[in-house]
Amino acid sequence: MEKDTIKTRINTLSENTKGDFGIMTPQHMIEHLTITVKLSYGRIKLPDFEPSEKQLAQKNALLNTAMNFPKGVLAPGIGDNLLDLKYADLDTAKVELLKSIDEYNNHFTSFPEEKTIHPRFGKLNHEEWERFHQKHFDHHLSQFGL
C-alpha cells in the first residue's frame with residue numbers, strides 16, 4: 001500500500017466535503033479505512049472462521065476480477081449504523097490512517113507469509129489484502145471525489 005499516494009488523495013478532504021453516496025462523513029470514512037487496515041495486519045483481532053461458499057464466491061469476484069467494490073455493501077458487523085468517532089478531528093484521523101499504513105507495511109515486511117482474518121472472507125494473505133485495500137480505498141475515496 002502506497003502511503004504517499006493515499007496521503008496525496010486525502011490531503012484535500014475536509015469536514016465539509018460531501019459524499020456522492022453512502023452515509024459516512026469524511027472522518028467516518030477515514031476512521032473506517034483505519035480500522036480495516038488495522039484488521040489486515042492483526043492489530044485488531046477477529047476470531048478465525050471458515051467463510052461460506054457465498055463468501056468465497058464474493059471474495060473471488062472482488063479479489064480476482066476487475067470488479068469494482070460495490071456501492072451499498074454494509075461493513076460486516078456494523079450494518080447501517082455509523083460507529084462513534086474515535087479521534088478528535090479529521091486531521092488527527094488522517095494522521096492515524098497514515099500511521100496504520102506504515103504499521104501494515106512494516107508488519108508484512110517482517111511477516112510476508114502471514115494470513116490474517118478479513119471479517120467476510122476469512123484468512124487473506126498479503127497479496128490478497130493489497131488487492132482488497134486498493135479496491136476498498138478507491139471505493140471510499142471516490143465516494144468523496146478523491
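**View 1. E127 and R131 pair up in a salt bridge.** In this predicted model, the side chains of E127 and R131 come together at 2.6 Å, N to O. Both sit in helix α5, and because they are four residues apart there, about one helical turn separates them. E127 counts as exposed, with a relative accessibility of 52%, while R131, at 24%, is partly exposed.

**View 2. K3 and D102 form a salt bridge between two helices.** Here the N to O distance is 3.0 Å. K3 belongs to helix α1 and D102 to helix α4, so the pair ties together distant parts of the chain, 99 residues apart. K3 is partly exposed at 25% relative accessibility, and D102 is partly exposed too, at 30%.

View 3. The structure holds seven salt bridges in total.

**View 4. The largest nonpolar core takes in 27 residues.** I6, I30, V37, L97, I101 and F137 have the most contacts inside this core. Two or more residues each come from α1 (3-10), α2 (26-40), α3 (53-63), α4 (90-110) and α5 (126-143). Helix α4 gives the largest share, seven residues.

**View 5. A look around I6.** Setting aside neighbours within four places in sequence, I6 touches M1, L97, L98, I101 and F137.

Notes: Residues numbered from 1 in each chain as written. Predicted model: local features only at pLDDT ≥ 70, side-chain atom pairs only at ≥ 80, totals over all residues. Heavy atoms only, no water. Core = buried A, V, L, I, M, F, W, Y, C linked by side-chain atoms within 4.5 Å. Buried < 20%, exposed > 50% of the residue type's maximum accessible area, 1.4 Å probe, protein only. Contact = heavy atoms within 4.5 Å. Salt bridge = Lys/Arg side-chain N within 4 Å of Asp/Glu carboxyl O.
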